[in-house]
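Here are my notes on the model you sent over.

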Amino acid sequence: MPLIQVLNASPSSTEKKRQLLAALTATYAEVMEIRPDTIRVVLHELPRENWSVAGVTLADSGQNESI
């Protein structure tokens, strides 16, 4: 049973999460030629203050939320 884990630093709407999870599942199933019902996906959403680039948190970096 495949398990896909995604780390995301930007808050997403419930609809965007549904779209992402469905697309990841469908793509993996197609490429690996397996049934979609055997695939598990876990989405971890992290606060932007818990993620950094070059020692600066995303919350403090001023980067756009969509980046």
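**Notes on the model**

1. Starting with Glu-15: this residue is partly exposed, at a relative accessible area of 43%. Partly exposed sits between buried (under 20% relative accessible area) and exposed (over 50%), using a 1.4 Å probe and protein chains only. Glu-15 makes a salt bridge with Arg-18, with 3.8 Å between the closest N and O atoms; the term means a side-chain nitrogen of Lys or Arg within 4 Å of a carboxyl oxygen of Asp or Glu. Both residues belong to helix α1, three residues apart, or about one turn of the helix. Arg-18 counts as exposed, at 53% relative accessibility.

2. Before going on, remember that this is a predicted model: local features need pLDDT of at least 70, side-chain atom pairs count only at pLDDT 80 or more, and totals for chains, interfaces and linings use all residues. Residues are numbered from 1 along each chain as its sequence is written, and side-chain values use heavy atoms, with hydrogens and water left out.

3. The structure has three salt bridges. One of them pairs Glu-45 with Lys-17, the closest N and O atoms being 3.0 Å apart. That pair ties together distant parts of the chain, since Glu-45 is in strand β2 (residues 40-45) and Lys-17 is in helix α1, 28 residues away. Both ends are partly exposed: Glu-45 at 32% and Lys-17 at 25%. Asp-37 also bridges to Arg-35, at 2.9 Å between the closest N and O atoms, and both of these residues are exposed.

4. For the overall fold, I get two helices and four strands, in the order β-α-β-β-β-α along the sequence. The radius of gyration is 15 Å, well over the 11 Å the globule rule gives for 67 residues, so the chain is more spread out than a compact globule. That radius is taken over C-alpha atoms, and the rule is 2.2 Å times the number of residues to the power 0.38. Of the 67 residues, 18% count as buried.

5. Take a look at the nonpolar surface patch formed by Val-31, Met-32 and Ile-34, with about 270 Å² of accessible area together. Val-31 sits in helix α1 (residues 14-32) and is exposed, at 58% relative accessible area.

6. Is Thr-57 buried or exposed? Thr-57 counts as buried, at 19% relative accessibility. This residue lies in strand β4 (residues 56-57). Leaving aside neighbours within four places in sequence, Thr-57 is in contact (heavy atoms within 4.5 Å) with Arg-48, Glu-49, Trp-51 and Ser-52.

Terms used: Patch = residues over 30% accessible without salt bridge, like charges linked within 9 Å, V, L, I, M, F, W, Y side chains within 5 Å. Areas by Shrake-Rupley, 256 points an atom, 1.4 Å probe, with all protein chains shown as cover.
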